[in-house]
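The entries below follow the order in which I looked things up.

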Amino acid sequence: QDRIDFSPGQFNMLYAFGIGEVPISISGDPARPETLMHTIRAVGAVSSALVRMKQGAMVGVRGAFGKGWPLHEACGKDVVLIGGGIVLAPLRPVIHHLLNNRKVFEGVTLLCGARTAREIIFRRQLERWQRRTDFQVEATVDAAGAAWLGHVGVVTRLVARLDSHPSNTIAMVCGPEVMMRFAVWELLQWGLAPDRIFLSLERNMKCGTGICGHCQFGPVFVCTEGPVVSYERIAPWFHRREV
């Protein structure tokens, strides 16, 4: 197999031989599946081994797994994307899809945040997107240096600045769980219905097929019913920090 077709929001299981396997979101362009791209941060034994690999090294790949972003439901609507930190990576494929099919959607807005300007990923691509007239991009940092001229503060505060109308909007949110909780609260206060808010969940996935149960989140097996789920589906469990 020389390509893996995928939907924006899906993930692969990447295997570092002799060490282990880890789920990693696909961050490439779904219109170019012949080039499989992942964005990896070294946080454990497997991801660290993957980051250390040199060009030409062999990596095990299983996938694509899971359910992606609700692109069909978003047709003809305004789309708001909210991402925090390195987890902007799972939103990158849906951004490619939205821009590749721009006439199918109404307004498209990206709100992205990071702790500092140095931690904003895909910086050059963000700058190119900001120059487009059909794509609104707002970036913010928690702590700004002298060279930063953009917004300062948490990304969820940008929700109140949206130009869209809640009745014709779908929101797609990805980030640390605490950030997503605040994003959901801001979107609900803004007037968006719970079934119009979609979240990309991150859980400890082992099998990728819903057998082992490691990724269970309330009633949802994240590897098969997610990682993208509607807030309405998981609302009773989402604000319980021990889940």
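Is Phe65 buried or exposed? I found that Phe65 is buried, with a relative accessible area of 15%, where buried stands for under 20% relative accessible area, exposed for over 50% and partly exposed for what lies in between, with a 1.4 Å probe and protein chains only.

Before going further I noted the ground rules. This is a predicted model, in which local features need pLDDT of at least 70 and side-chain atom pairs count only at pLDDT 80 or more, while totals for chains, interfaces and linings use all residues. Residues are numbered from 1 along each chain as its sequence is written, and side-chain values use heavy atoms, with hydrogens and water left out.

**Aromatic pairs**

I looked up the ring pairs and found 4 in the structure; rings of Phe, Tyr and Trp (the six-membered ring of Trp) pair if their centres lie within 6.5 Å, and planes under 30 degrees apart count as stacked, over 60 as edge-to-face and the rest as tilted. One of them joins Phe11 and Phe65 in a tilted arrangement, with 5.9 Å from centre to centre and 45 degrees between the planes. Phe11 belongs to strand 1 (residues 11–16) and Phe65 to strand 3 (residues 60–65), so this pair ties together parts that are 54 residues apart in sequence; helices (H or I, at least four residues) and strands (E, at least two) are DSSP runs, numbered from the N terminus. Phe11 counts as buried too, at 2% relative accessibility.

I then turned to Trp129 and Phe135, which form an edge-to-face pair, 5.9 Å centre to centre with 65 degrees between the planes. Trp129 is buried at 7% relative accessibility, and Phe135 is buried with a relative accessible area of 4%.

**Nonpolar cores**

Which residues touch the most other members of the largest nonpolar core? Of its 33 residues, I listed Leu81, Val94, Leu110 and Met172; such a core is a set of buried Ala, Val, Leu, Ile, Met, Phe, Trp, Tyr and Cys residues joined through side-chain atoms within 4.5 Å. The elements that give two or more residues to this core are helix 2 (71–74), strand 4 (78–84), helix 3 (92–100), strand 5 (108–114), helix 4 (123–130), strand 6 (136–141) and strand 8 (169–174). A second, separate core has 32 residues, among them Met13, Met180, Tyr231 and Phe238.

The buried residues of helix 4 are Gln125, Leu126 and Trp129. They cover an arc of only 105 degrees around the axis, which puts them on the same side of helix 4; the arc is that of the directions from the helix axis to the C-beta atoms. These buried residues pack against helix 3, strand 5 and strand 6. Gln125, buried with a relative accessible area of 11%, touches Arg92 and His96, not counting residues up to four places away in sequence. Gln125 and Arg92 are 33 residues apart in sequence and 10 Å apart in space, C-alpha to C-alpha.

Arg92 also lies over the face of Phe122, at 4.8 Å from the ring centre; a charge sits over a ring if NZ of Lys or CZ of Arg is within 6 Å of the ring centre and within 35 degrees of the ring normal. I placed Phe122 in the loop between strand 5 and helix 4, and noted that Phe122 has a positive phi of about 55 degrees although it is not a glycine.

**Cysteines**

How many disulfides are there? I counted 0, a disulfide being a pair of cysteine sulfur atoms within 2.5 Å. The sulfur of Cys112 is 12 Å from the closest cysteine sulfur, in Cys174, too far for a bond, and Cys112 is buried at 4% relative accessibility. Cys212 is likewise in no disulfide, with the nearest cysteine sulfur, that of Cys207, 3.8 Å away; Cys212 counts as partly exposed at 37% relative accessibility.

**Cis peptide bonds**

I noted a cis peptide bond from Gly63 to Ala64, with omega near 5 degrees, and Ala64 lies in strand 3. The peptide bond from Gly226 to Pro227 is cis, with omega near 5 degrees, and Pro227 lies in the loop between helix 6 (222–225) and strand 12 (228–230).

Technical notes
Contact means heavy atoms within 4.5 Å.
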